[in-house]
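Please look through the sequence and the model before reading on.

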Amino acid sequence: MTQRLPPTEAENPQSAGLDLLTTPALVELLIADQRAAVDAVLAQTREIARAVDEIAGRLSRGGRLHYVGAGSSGRIAALDASEMPPTFGTPQEMVQAHIAGGNTALTTAVEGAEDDAGAGDVAMLECARPDDAVLGISASGTAAFVVAAIARAATIGAYTIALTGDAQSALARAAELAIVPTTGAEALAGSTRLKAGTAQKVALNAISTAVMVRLGKVYDNLMVDVVANNAKLRGRALRLVARLARVNEKRAEELLAQAGGRVKIAVVMELRGVDAAQARSLLKRNEGALRKLL
């Protein structure tokens, strides 16, 4: 019996003769093929929204979000997770990434790591809790590390989500909710770091950002929980306080200094006429949502 191949392993007839193309034609084809990634993710809006609401609910009750991936998928997951603390002021443990092969695999391919189901099982036994959400990422949906992690997380009671390009895959079947951007065959057969990887990046961007919006870490379309740890971000924080608190730059600097660099605290201090501790308390009582206090 011929083994069924996932769609991501198929050959793409549109890119036949890839090595014979002129360089401009080669580059144009590779870029144009990426357009399918956004459309594929957009078609999963309903499923992504379900994931966002469930994840946000769990995080608001003290749960955490775990990404689990192997190879390119794991690196994309680690990138998204690492951006949460500076962008939204989250604790390091709130959004975690687990990659097959460990941190070494972020920069170097670790032979056989994605096939290690036992390691995926242990990763969740050590980290996952019933109030967590666990999102497994595998373009083909066959990475044993990821499938085993999702299966174990489900037995623990965590909410499980699959992000895969194959609706019939083991990963899709193992999770409570499957998000399936069907990007199909790659321009370079089997190289899922291309449009399948792009689809994963788009989906994770949407999920994590929407979750943070639901958790009150965004006001309007502004990054009000930004951690100002470099010159660019300090300038952004200053502009945000000046705008939202309706003060000049000098006063914004004073407020930020008193607020320990936290934009929301500085804004509440000015508009409510309170000190930093009182502003922090007001925000806590309102679940961190600045809109409720303005």
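Is the crossing of helix 3 and helix 8 left-handed or right-handed? The crossing of these two helices is right-handed; a crossing is called left-handed if the near helix is turned anticlockwise from the far one by less than a right angle, and right-handed if clockwise.

## Basis of the model

The model is predicted: local features need pLDDT of at least 70, side-chain atom pairs count only at pLDDT 80 or more, and totals for chains, interfaces and linings use all residues. Residues are numbered from 1 along each chain as its sequence is written, and side-chain values use heavy atoms, with hydrogens and water left out.

## Overall architecture

The protein contains 12 helices and 5 strands; these are DSSP runs numbered from the N terminus, helices being H or I with at least four residues and strands E with at least two. Along the principal axes, the C-alpha atoms fill a box of roughly 75 × 50 × 35 Å.

Of the 294 residues in the protein, 47% are buried. Buried means under 20% relative accessible area, exposed over 50%, and partly exposed in between (1.4 Å probe, protein chains only). Among the contacts (heavy atoms within 4.5 Å) with a separation of 6 or more, 66% involve residues 24 or more positions apart.

## Helix 3 and helix 8

Helix 3 (residues 45–60) and helix 8 (residues 195–214) have axes that come within 9 Å and cross at roughly 50 degrees. Helix 3 is therefore oblique to helix 8. Angles under 35 degrees count as roughly parallel, over 145 as roughly antiparallel, 65 to 115 as roughly perpendicular and the rest as oblique. The axes are lines fitted to C-alpha atoms, for helices over the stretch in contact, and angles run from 0 to 180 degrees between N-to-C directions.

From helix 3, Ile48, Val52, Asp53, Ile55, Ala56 and Leu59 meet Ile207, Ala210, Val211 and Arg214 of helix 8. The residues of this contact comprise 8 nonpolar, no polar and 2 charged. Here Ala, Val, Leu, Ile, Met, Phe, Trp, Tyr, Cys and Pro count as nonpolar, Asp, Glu, Lys and Arg as charged, and the others, Gly among them, as polar.

## Helix 9 and helix 11

The axes of helix 9 and helix 11 lie 9 Å apart, at an angle of about 30 degrees. Helix 9 is therefore roughly parallel to helix 11. Ala237, Leu240, Val241, Leu244 and Ala245 of helix 9 make the contact with Val263, Ala266, Val267, Glu270 and Leu271 of helix 11. These residues divide into 9 nonpolar, no polar and 1 charged.

## Salt bridges

Side chains of opposite charge can pair when their charged atoms come close. The structure holds 13 salt bridges, each a side-chain nitrogen of Lys or Arg within 4 Å of a carboxyl oxygen of Asp or Glu. One of them joins Arg152 and Asp121, whose closest N and O atoms are 2.7 Å apart. Arg152 belongs to helix 6 (residues 144–156) and Asp121 to helix 5 (residues 117–127), 31 residues apart. Arg152 is partly exposed, with a relative accessible area of 27%.

Lys264 and Asp225 form a salt bridge at 2.8 Å, N to O. Lys264 lies in helix 11 (residues 263–272) and Asp225 in the loop between helix 8 and helix 9 (231–245), so the pair ties together parts that are 39 residues apart in sequence. Both Lys264 and Asp225 are buried.
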